[in-house]
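Colleague: Hi! Could we go through this structure together, bit by bit?

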Amino acid sequence: MVDAAPPRALAKTAGNIGLALILQMFASIAATLTVFWSSGGKASLTSGLPSLLENLAVYLLSMVVGIITLACLLRKNLMRTIPFRPVRHAARLPEWLAAALGASFLASLVLWVLNAAGVSLKSNTIAFPNTPGAAAVYLLLFCVAAPVMEECLFRGLIFQSLRRYGERFAILFSALLFALAHANLAQLPLTFLLGLVLAGAVLVFDSIFASMLLHTAVNGLSALVLFLEQSSGAAAGQTVFVLVGALSMGIVAVALLRAWKSGKLRAFIEHRPVSPYPMRALLRSAEMVPGMYAFTVTSVLFMLLSCLNG
């Protein structure tokens, strides 16, 4: 590897990404406050149909702001940049589905260890609705809108824009941004690990539809577990989650072992293009620019505020 300094274009790209993500965050805050004031100061984080519709509208508005802003700043054509292509090697999707669900399970283990060590991290969640209409909107928000919009932004525009500086760097940095953008300390392990898997899926399958499918499956499992916990008790939901997670981890372990023994894993790694720039230098160049630095600080502040409010 050549010990070369990262190009200045990376700093400009990272700064624009940071600026777009900040605007997306503040668009969400502004829309949420507007809804809050218009409803007479009533909290909107509930599972009622009007509240869910408000949350869906706020979410879609903020994500559209982030996607369009970033596309304009990077001067990217959305349809050409985001890989809206058929999924290649579709037979390998079950293994990657297991990897995505396994990442969710592994993240829960991290939180369990932290909780056992006395560090309790709780995330505000919307209860699963008890009416058909509200349940439909809930699933539309978390299992359709979120996977589609977030994949277009993070594995579409952001990941694709960073690939020119190295695939490993693009996977790592896009996962970090995905985790920070959620601004939720309790979700940090899940969003980071899932971000790694989803970026890898786009790389392997050469299609944004692959990561959308995996993202939908992870959110769908969370919704199922929440539904079971509310309808049949916490033990039922956690049992399903542990069984699915353990099975997924087993499938991933077997798949990796088989790929390693056959030489396919080693061949895949060796034949991927290697960046001429050191990873540390790339991360430093991308992070230490005003736009990205401001986004990181803002996200961390929101995480700390959410912990204090919890």
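Colleague: What do the side chains of Arg163 and Glu167 do when they meet?

Modeller: They form a salt bridge, with 3.3 Å from N to O. Keep in mind that this is a predicted model.

Colleague: And is Glu167 buried or exposed?

Modeller: Glu167 is buried, because its relative accessible area is 9%, and buried means under 20%. Arg163 counts as partly exposed, at 24% relative accessibility.

Colleague: Why would two such side chains pair up at all?

Modeller: In general, side chains of opposite charge can pair when their charged atoms come close.

Colleague: How many salt bridges are there in the whole structure?

Modeller: A search of the whole structure gives three. Another one joins Arg155 and Glu151, at 2.6 Å from N to O.

Colleague: Where do Arg155 and Glu151 sit?

Modeller: They are in helix H5, which covers residues 132–162. Because they are four residues apart in that helix, about one helical turn separates them. Arg155 and Glu151 are both buried.

Colleague: Which residue does Arg85 form a salt bridge with?

Modeller: Its partner is Asp206, and the closest N and O atoms are 2.8 Å apart.

Colleague: Let's go back to H5. At what angle do H5 and H7 pack?

Modeller: The angle is about 65°, and the axes are 11 Å apart. H5 passes H7 in a right-handed crossing.

Colleague: Which residues in H5 and H7 meet there?

Modeller: From H5 you have Glu151, Arg155, Phe159 and Gln160. They meet Gly195, Leu198, Ala199, Val202 and Leu203 in H7. Five of the residues in this contact are nonpolar, two are polar and two are charged.

Colleague: Nice link! Now for H4 and H9: how do their axes cross?

Modeller: Helix H9 covers residues 234–262. The axes of H4 and H9 come within 8 Å and cross at roughly 125°, so the two helices are oblique to each other. The crossing of H4 past H9 is left-handed.

Colleague: Which residues of H4 and H9 make the contact?

Modeller: On the H4 side, they include Glu95, Ala98, Leu101 and Phe105. On the H9 side, Phe241, Val242, Met249 and Ile251 are among them. The residues of this contact divide into twelve nonpolar, five polar and one charged.

Colleague: What about H1 and H11: how far apart are their axes?

Modeller: The axes are 7 Å apart, with a packing angle of about 50°, so H1 and H11 are oblique to each other. Helix H1 runs over residues 8–38 and helix H11 over residues 279–287. H1 passes H11 in a right-handed crossing.

Colleague: And who takes part in that contact?

Modeller: Leu10, Ala11 and Ala14 come from H1, and Leu282, Ser285 and Ala286 come from H11. That gives five nonpolar residues, one polar and no charged.

Colleague: New topic! What is Thr69 in contact with, leaving aside its neighbours within four places in sequence?

Modeller: Thr69 touches Ala20 and Leu23. Thr69 sits in helix H2, residues 49–74, and is buried, with a relative accessible area of 18%.

Colleague: One last thing: what is the phi of Arg75?

Modeller: Arg75 has a positive phi of about 55°, although it is not a glycine. Most residues other than glycine have a negative phi. Arg75 is in the loop between H2 and H3 and counts as exposed, at 78% relative accessibility.

Colleague: Where is His89, and what is its phi?

Modeller: His89 is in the loop between H3 and H4. His89 also has a positive phi, about 55°, and is not a glycine. With a relative accessible area of 45%, His89 is partly exposed.

Methods. Residues numbered from 1 in each chain as written. Predicted model: local features only at pLDDT ≥ 70, side-chain atom pairs only at ≥ 80, totals over all residues. Heavy atoms only, no water. Salt bridge = Lys/Arg side-chain N within 4 Å of Asp/Glu carboxyl O. Buried < 20%, exposed > 50% of the residue type's maximum accessible area, 1.4 Å probe, protein only. Axes fitted to C-alpha atoms, helices over the stretch in contact; angles between N-to-C directions. Parallel < 35°, antiparallel > 145°, perpendicular 65-115°, else oblique. Left-handed = near helix turned anticlockwise from the far one by under 90°. Contact = heavy atoms within 4.5 Å. Nonpolar A, V, L, I, M, F, W, Y, C, P; charged D, E, K, R; others polar.
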